[in-house]
Amino acid sequence: MTAKPGSTQKTKLPPPGRFITFEGGEGAGKSTQVRRLRERLQELGIDAVATREPGGSTGAEIIRHLILSGAAKPLGPLAEAALFAAARADHLDATIRPALARGAWVVCDRFADSTRVYQGALGNVDPGLIAALEEVTVGETRPDLTIILDLPAEEGLARAAARSGRNADRFESEGLSFHRSLREAFRALAAREPERCVLVDAGADADAVAEAIWTHVSERLKPPAPHRKRRT
Ligand code: TYD
């Protein structure tokens, strides 16, 4: 409904949505913590959406299969960065921006920092190019908070290997030194952008990690208190 010209009636806008991303190496427990955070937000009566990258929309899921099967590996890290960016553009348009626009909180398992670290820091794709891809795909839809789950590479790989007995994907099958460098690159990123990123020790049990994450979310983003029902 539009207000009449000159009228003082205000259009009621939805409360602003919030965008939280999770990052980290393999086996750090991101998907568990994404689910737990979404549930905790929902318990407060907040409209919360959990999603993941690569994927989270129809087009992006197709690209996910292409990359994680290893089919795009021979094309090199630059082509992979472009594919991740294409998937991200679709994910943002189809899932993330519509959810934020209606006031939902979006909790996303990996986002643009993964491209910076996997394809940029480790794949040696030019940082200027990574930044340009980020500018055209992400634009102003930057995360309000990024939780980086930190775990020694050996532990993360052991956890990933124990997971449901599936075959290692394109990146899990890289060697230990790749995963050690990955951890260092995520730690460096957290140190470079402390206003957006927090580093959380993922070595503790899942309950303790969830509590640490909740402390950061509450302090930094101040979720609204649960809605009280009006007395009749
Ligand atoms: P996934 O099965 O979702 O793994 P994880 O549980 O570790 O998140 O696989 C995603 C893989 O893709 C993961 O190894 C990280 C990698 N990746 C990139 O290299 N660049 C990116 O931009 C994204 C989003 C993921």
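**Notebook: ligand site and an aromatic pair**

I began with Arg 110: one of its polar side-chain atoms lies 2.7 Å from an oxygen atom of the ligand. I note that the model is predicted.

I then looked up Arg 88. An N or O atom in the Arg 88 side chain is 3.1 Å from a ligand oxygen. For Gln 119, I found an N or O atom of the side chain 2.8 Å from a nitrogen atom of the ligand. I checked burial next. The ligand taken alone exposes 540 Å², and the protein buries 94% of that.

I listed the elements that give two or more residues to the shell: helix H2 (58-68), helix H3 (77-101) and helix H4 (112-122). H4 supplies the largest share, four residues.

I counted the shell itself. The ligand is surrounded by 15 residues. The closest are Glu 26, Arg 64, Arg 110, Thr 115 and Gln 119. I sorted the shell by class and got seven charged, five nonpolar and three polar residues.

I turned to the aromatic rings. The structure holds five aromatic pairs. I picked Phe 19 and Phe 111, whose rings are edge-to-face, with 5.0 Å centre to centre and 80° between the planes. Why does this pair tie together parts that are 92 residues apart in sequence? Phe 19 lies in strand E1 (residues 18-24), while Phe 111 lies in the loop between strand E3 (105-109) and H4, so the pair links those parts.

Conventions. Residues numbered from 1 in each chain as written. Predicted model: local features only at pLDDT ≥ 70, side-chain atom pairs only at ≥ 80, totals over all residues. Heavy atoms only, no water. Near = heavy atom within 4 Å. Polar contact = N/O pair within 3.5 Å; in protein donor to acceptor, adjacent residues only side chain to side chain. Areas by Shrake-Rupley, 256 points an atom, 1.4 Å probe, with all protein chains shown as cover. Nonpolar A, V, L, I, M, F, W, Y, C, P; charged D, E, K, R; others polar. Phe/Tyr/Trp six-rings, centres within 6.5 Å; stacked < 30°, edge-to-face > 60°.
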